Amino acid sequence: ERKAALAGSSGPGRTSDGHLVPLLANVGGPADVPAAVAAGAEGVGLFRTEFLFLDDSAKAPSEDTQLAAYRQVLEAFPEGRVVVRVLDAGADKPLDFLTPADEPNPALGVRGLRTLLDHPEVLATQLRALARAAEGLPVHLEVMAPMVADRADARAFADACREAGLHAKFGAMVEIPSAALRARSILAEVEFLSLGTNDLAQYTFAADRQVGALARLQDPWQPALLDLVAAAAEAARAAGKSCGVCGEAASDPLLACVLAGLGVTSLSMGSASIPYVRAMLAKFTLDQCRRAAEAARAADSAEGARAAAQQVLSGE
Ligand code: PEP
Ligand code: MG
């Protein structure tokens, strides 16, 4: 059965009629690269750099230490895209030297880009290390900020990238509903969007992602979440820019087809999921994916959305 699910799973991500949807890997550092390469990842769609900071939560790793780690990941995908997310500290990933200890609601507190704008030297060091790591490599480096809430956040991040002399595309993660609703204005400041559906679900449903009892509300098939994905993807399409997904949603093969149908331009996931998503995507045309997406958005529940998409894609 595993074999059948993987039939035809090699090469780039594409629908059966040839619409390309690059399949990228989520990595936490150089140690995750071999699995990404083995799975045929077309690049990295989310490099969670906070893992480099977790060894010593008393201070940031030096510019040279960061440079070495970034360089190893970039060198593994000489012709591909590597999307690096700057440090996402706070909430479920607190760092002693950066995260306020006394926040009543850490998930709604100073985290992600908010932390970096309060500590511009940490962001500048990271961006300089990235700029140096990419020097002389043909790789397409893209750098994105976590927890962008509005246009001012996006502009502050883009300014920091320019000041660091970074020759890369600058992007914003969409993981707060405000960013999805006003994606058009955020796109005036940055060159791409990447949907972090884990946090986007958390903030859309006011459901802490660490509370297992709220799993129903964290389900990425929730039609409200699909609506926000569609809004961001449509704004990016209108602006001629890309909009990927790098949250857990991308690793569900059926949902991956729906996301492609919503207009998402790339999918990034844990490497182990890539072959399954590639095989599923290859079974359907882009038009079928669009119809599945429409049916899912017309449902009133996550289960209803899943069943509706399944029906469209199996009934043809
Ligand atoms: C997300 O929120 O969906 C995401 C990709 O980031 P993280 O899971 O690291 O918060
Ligand atoms: Mg997130």
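1. Let's start with Arg209: setting aside neighbours within four places in sequence, Arg209 is in contact with Asn198, Gln202 and Gln218. Two residues are in contact if their C-beta atoms, placed from the backbone, lie within 7 Å.

2. A quick word on the model and its labels. This is a predicted model, where local features need pLDDT of at least 70 and side-chain atom pairs count only at pLDDT 80 or more, while totals for chains, interfaces and linings use all residues. Residues are numbered from 1 along each chain as its sequence is written, and chains are lettered from A and ligands numbered from 1 in the order in which they are written.

3. Where does Arg209 sit? You'll find Arg209 in the loop between α10 and α11 (215-218). Helices here are DSSP runs (H or I, at least four residues), as are strands (E, at least two), numbered from the N terminus.

4. Arg209 counts as partly exposed because 19 other C-beta atoms lie within 10 Å. The cut-offs are 20 or more for buried, 12 or fewer for exposed, and partly exposed in between, counting other C-beta atoms (placed from the backbone) within 10 Å of the residue's own.

5. Now look at Asp199, which lies in helix α10 (residues 197-204). Asp199 has 23 other C-beta atoms within 10 Å, so Asp199 is buried.

6. Zooming out, the protein has 16 helices and eight strands, and 50% of its 316 residues count as buried.
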